[in-house]
Amino acid sequence: MQIFEYNGSALVAMVGKNCFAIASDRRLGVQLQTIATDFQRISKIHDRLFLGLSGLATDAQTLYQRLVFRHKLYQLREERDMKPETFASLVSAILYEKRFGPYFCQPVIAGLGDEDKPFICTMDSIGAKELAKDFVVAGTASESLYGACESMFKENMEPEELFETVSQALLASVDRDCLSGWGGHVYVVTPTEVKERILKGRMD
């Protein structure tokens with residue numbers, strides 16, 4: 001078992017029409033033993049920018065604290081929030097800085113940029129960015145998430161349809177991965193509001 005799989009995780013971000021959704025499972029495990037069923041993998045950086053961290057939970061928490069610190073410094077100096085593209089470059093730089101002893105994390109970044117254009121991106125543990133116009137996935141359930149998202153994704157979805165699509169893709173995928181599961185946590189972000197919902201697992 002790789003160190004990335006130690007705690008188990010499933011993360012997906014998907015774009016809609018001037019909106020995006022980011023979702024994760026809620027299981028925290030130690031290999032095959034479940035420790036918690038309400039673990040938070042997605043964090044709000046500001047109202048239009050969210051970060052999900054899959055991989056080793058301890059490294060994810062450390063990296064998140066560093067990123068919040070750097071974002072607060074940016075807000076103080078620039079007197080504005082960071083754009084998603086800028087934040088992705090910051091995450092990439094912080095990860096690459098530690099490339100010889102990396103954080104065992106795979107981040108997923110989702111945000112609304114200029115003119116409310118959705119931006120999604122993921123990267124590996126040393127900061128190599130992967131940009132997408134439809135969806136990005138990460139975690140131990142990433143293979144089944146790719147399949148579910150490929151078959152369910154449509155362009156220009158409205159927020160409600162986007163929520164339904166990303167929720168079904170997540171729940172179908174974690175059923176096919178024994179290291180992630182226990183429902184889901186979904187954020188749907190539009191230019192005017194952020195909707196947060198907790199999904200019950202099929203086995204709950």
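Phe20, Phe50 and Tyr187 are joined into a cluster by ring pairs. Keep in mind as you browse that this is a predicted model.

**Aromatic pairs**
- The structure contains 5 aromatic pairs.
- One of them brings together phenylalanine 50 and tyrosine 187, with 5.0 Å centre to centre and 40 degrees between the planes, a tilted arrangement.
- This pair connects distant parts of the chain: phenylalanine 50 belongs to strand S6 (residues 49-55), tyrosine 187 belongs to strand S11 (residues 184-189), and the two are 137 residues apart.
- Phenylalanine 50 counts as buried because its relative accessibility is 0%, where buried means under 20% relative accessible area.
- Tyrosine 187 has 8% relative accessibility, so tyrosine 187 counts as buried too.

**Arginines over rings**
- Arginine 99 sits over the face of tyrosine 96, 4.2 Å from the ring centre.
- Over the face of phenylalanine 163 you will find arginine 197, at 4.0 Å from the ring centre.

**Nonpolar surface patch**
- On the surface, Phe69, Leu73 and Leu76 make up a nonpolar patch, and together they have about 330 Å² of accessible area.
- Leucine 73, one of the patch residues, is part of helix H1, which covers residues 57-78.
- With a relative accessible area of 35%, leucine 73 is partly exposed, since that label covers values between the 20% limit for buried and the 50% limit for exposed.

Terms used. Residues numbered from 1 in each chain as written. Predicted model: local features only at pLDDT ≥ 70, side-chain atom pairs only at ≥ 80, totals over all residues. Heavy atoms only, no water. Patch = residues over 30% accessible without salt bridge, like charges linked within 9 Å, V, L, I, M, F, W, Y side chains within 5 Å. Areas by Shrake-Rupley, 256 points an atom, 1.4 Å probe, with all protein chains shown as cover. Salt bridge = Lys/Arg side-chain N within 4 Å of Asp/Glu carboxyl O. Helix = DSSP H or I, 4+ residues; strand = E, 2+ residues; numbered from the N terminus. Buried < 20%, exposed > 50% of the residue type's maximum accessible area, 1.4 Å probe, protein only. Phe/Tyr/Trp six-rings, centres within 6.5 Å; stacked < 30°, edge-to-face > 60°. Lys NZ or Arg CZ within 6 Å of the ring centre and 35° of its normal.
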